[in-house]
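Hi everyone, thanks for making time this morning. I'd like to walk you through one structure, going from single residues up to a whole chain.

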Amino acid sequence: MRLWWEVARRSFRRHSTYRAALFAGVFTNTVFGFLKTYVLIAVYDARDGAPINGFDVTDVVTFSWLAQGFWMLAMQSHLELAERIRTGDVVGDLYRPADLQLWWLSSEAGRIAFQILVRSFVPTVVGGLFFHLRLPTSPAVWIAFAVSVALAMVVGFAHRFIVSLTTFWVLSYMGTSQLAMILIGFFSGMFVPITLFPDWLGTIARWTPYPAMLQLPIEVLLGKATSASELAALFAAQVAWAVVLLAAGRWLLAAAQRKVVVQGG
Amino acid sequence: MGELGRKARLYVLLVRARVRADWQYRTPFVLFTVAQFGITFLDFLLIAVIFQRTPHLEGWSLPEVAFLYGTSGVSFFIGDVFISQVERVGMYVKDGRFDSLLVRPMGTLFQLSTEEFAFRRFGKLVQSTIVLVVATASLDVAWTPGRAGMVALMLTTGAVIFSAIWVAGSAITFFAVDSIEVVNSFTYGGNYATQYPIGVFGPWLRRFITLAVPTAFVNYFPALYVLGRSDTLGLPSWSRFASPGVAVVTVLVAMTAWRVGLRHYRSTGS
Amino acid sequence: MAVISLQDVSKTFVVRKRAGRLRRSKVEVRAVDGVSLEVDAGELVGYIGPNGAGKSTTIKMLTGILVPSSGVVRVAGVDPQRKRIELTRRIGVVFGQRSQLWWDLPLRDSFDLLRHVYRVPADRHAANLQSFVEMLDMDEFLQTPVRQLSLGQRMRGELTAALLHDPEILYLDEPTIGLDVVSKARVREFLAAVNAERAVTIVLTTHDLADVERLCTRLVVIDRGQVIEDGTVAEIKNRYAGHRTVVVDLEVPGPPLAVPGAEVVKVDGPRQWLRFSRSETTAAAVVSAVVAQATVIDLSVEDPDIEEVVTRIYTGAGDA
């Protein structure tokens, strides 16, 4: 247990040194926040403000800014692990006693924790200065949000882990990574809240793990889970995807380890 | 013409060498190009999703917005294929490779654009072209030679404007090596913004993309002429024909920025 | 007529250092401090100094990569600051740790591309290429992609690439680093031949002092941004290496010998090391004195090696 905490803590600290890149990233997030928000407002204007699937214009605007702030939960399709696999450095990692999946989970937890602490609220604050946002006042909602964010992080990681592992078979992960990135972007609610999708597409989206990475936590914060049972169902969906993807990741890892043994690295 | 001809020949040779080198890794390369192609269709799907919820955006119909999307995309991805690689200059400066460029008898911009030429980016360009063709065919426009010519012109000037933004932005990284992502928010942000009629944006943002980083001249203003729309923002009617002039100005700014950045590098090292 | 001329050239960098958690202090570093140097056409100059001495900064100013803070730089009559591209046609540069070749393509392709880059007439290019391929024995790997070449093979390729366009001056930054003994010798032979046959002026920075000893006619030593030594290798050795040592193997181990003008610095069984100053006596005199006192089985005379000389120079010790 102590090991995982140390890994996370070190990862947290390592990422705090990239200052210039941090500023550049936050700047980009904010710019795109403006662009997305204006387009969505125009959509609602054209409908005279009529809500879509229970979301009114304030909902989608708040959603957009929160997505820009918490994008790091979803918008990375592979880990540095993929590069280590490509160069063969991973063979050393596989022989270490520490579990590879847990190691990377801890490392990612540290990294994302740092980024949430430093970056997540900047776009929201900026957005709040220019637009009308609706953020909850009840602490219970914020706590539920924190739980959902933690679950989202796990789901996001598990998916990233699987994509990275494909490098064992495909060697150049650029193609799979790009494909994953677009699927994530599209179905997690990053580009546009999936609430706005036509019903058939929205149903398809909710049968993928992607909404669990971003859309669901934000729905929690917007207060869209109006009863305890709805909230439980939402958490259950996230937990289910986390379990399924983590398990798939472990299965792939075992397959990869067999492959490495057979091929001698 | 001799000097220009020789430069062009050298450009072709160097790009061919790069493509030949990349072709050795052709399986992932082909997969990647196909993935990119499919991927950018999903990108357009976002616009389709929006038009599911409303038949008009700022009074513009789906074919018209698709036209904006297509013209923006084609211009942007031409720039992406031929020029965007200069944004890697920060990497070159960091690992010292930039010095190797300075001891060769060619311009640094020229070398960056040939050395990092990426054939696989053509996938996105093809997709945008398809959207543009389909959109143009679906437009309810009285076509004249002038309008058709304007489409060809705006694609060219648009590519030039985006390319200039890329170069100017990359030049800034001579001063702040890790800031390249800021430039992306202008280039990719500019592409995204020009997929929609600029009326959707707040007045300050509109002014910014017209006067400061003039991406509105890539497609919006010329499109007003092609589509026979009146501008709802009160700009003079000659602004629809101003793209070539704007393109020239942006190129001058970009070349100056690059020269300034280069001078800074040569006086402070890396 | 000097083909390279530096007149009182300085280069100052401003370095930002963290002074506490948030503030930064600016420190001015004079990497090159009033260097004046002239190199004539056809010279083969070794440009050495400890790490951080200002070697690469000087070379960067000569090749047009950096512009000086003050002073005048002229290379082949041209100001590298203003006429960078024109100058690059007349110089060749080899970076020991970076490649200038096209990594994924066969070596041959790099040579062909460079013909167009430097606008070398086809027949001249072909003649040069053939000559270098023979001299460096590259036939067997001309079609191999550069990324698959060994370091020695790649270095031969880099040298060729730098010379195909008949430059007047060749700069080499640590060209023998990481090479095995045979490859190093090959590189040195090649450079000597190029310098002699094609009258290419060569400026070489290196930490391998054997390069200097076997190749350079002239040695320039720079430290802390200033030239502290400039002369032929023999001159510098003489200046810094006033001592020689006679090593004698006696038939029978004995107490340290007493020889006028010489001092026994080490005794190891029957072997004794006698050090003497050139200004006080000669090797012959010392040997005669030893032979008169004891039976000698074997002897040798040692000169200080170049490493010792250069260490002395770097550490600021004079003739000790």
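This is a predicted model: local features need pLDDT of at least 70, side-chain atom pairs count only at pLDDT 80 or more; totals for chains, interfaces and linings use all residues.

When I say helix today, I mean a DSSP run of H or I at least four residues long, numbered from the N terminus.

D93(A) is found in helix α5 of chain A, which covers residues 90–94. Is D93(A) buried or exposed? Its relative accessibility is 7%, under the 20% cut-off, so D93(A) counts as buried. Leaving out residues up to four places away in sequence, D93(A) touches R84(A) and L100(A). With R84(A) there is also a polar contact, side chain to side chain, at 2.8 Å.

Now to the aromatics. How many aromatic pairs are there over all chains? The count comes to 42. Take W142(A) and F145(A): their ring centres are 6.1 Å apart and their planes stand at 85 degrees, so this pair is edge-to-face. Both residues belong to helix α8 of chain A, residues 139–165, and because they are 3 residues apart there, about one helical turn separates them. W142(A) is partly exposed at 29% relative accessible area, while F145(A), at 5%, counts as buried.

K224(A) lies over the face of F55(A), 4.8 Å from the ring centre. Over in chain C, the charged end of K266(C) sits above the ring of W273(C), at 4.5 Å from its centre.

Let's finish with chain B as a whole. Chain B has 12 helices and 0 strands. Its radius of gyration is 20 Å, close to the 18 Å that the globule rule gives for 270 residues, so chain B is as compact as a globular protein of that length. The C-alpha trace spans about 55 × 40 × 40 Å along its principal axes, and 57% of the 270 residues count as buried.

What about contacts along the sequence? Among those in chain B between residues at least 6 apart, 76% join residues at least 24 apart. As for the accessible surface of chain B, it comes to about 11,000 Å², with 67% belonging to carbon and sulfur atoms.

That's my tour, and I'm happy to take questions!

Methods:
Residues are numbered from 1 along each chain as its sequence is written. Chains are lettered from A and ligands numbered from 1 in the order in which they are written. Side-chain values use heavy atoms; hydrogens and water are left out. Helices (H or I, at least four residues) and strands (E, at least two) are DSSP runs, numbered from the N terminus. Buried means under 20% relative accessible area, exposed over 50%, partly exposed in between (1.4 Å probe, protein chains only). A polar contact is a pair of N or O atoms within 3.5 Å; within protein, one must be able to donate a hydrogen and the other to accept it, and residues adjacent in sequence count only if both atoms are side-chain atoms. Contact means heavy atoms within 4.5 Å. Rings of Phe, Tyr and Trp (its six-membered ring) pair if their centres lie within 6.5 Å; planes under 30 degrees apart count as stacked, over 60 as edge-to-face and the rest as tilted. A charge sits over a ring if NZ of Lys or CZ of Arg is within 6 Å of the ring centre and within 35 degrees of the ring normal. The radius of gyration is taken over C-alpha atoms; the globule rule is 2.2 Å times the number of residues to the power 0.38. Accessible areas come from the Shrake-Rupley method with a 1.4 Å probe; for residues, only the protein chains shown count as cover.
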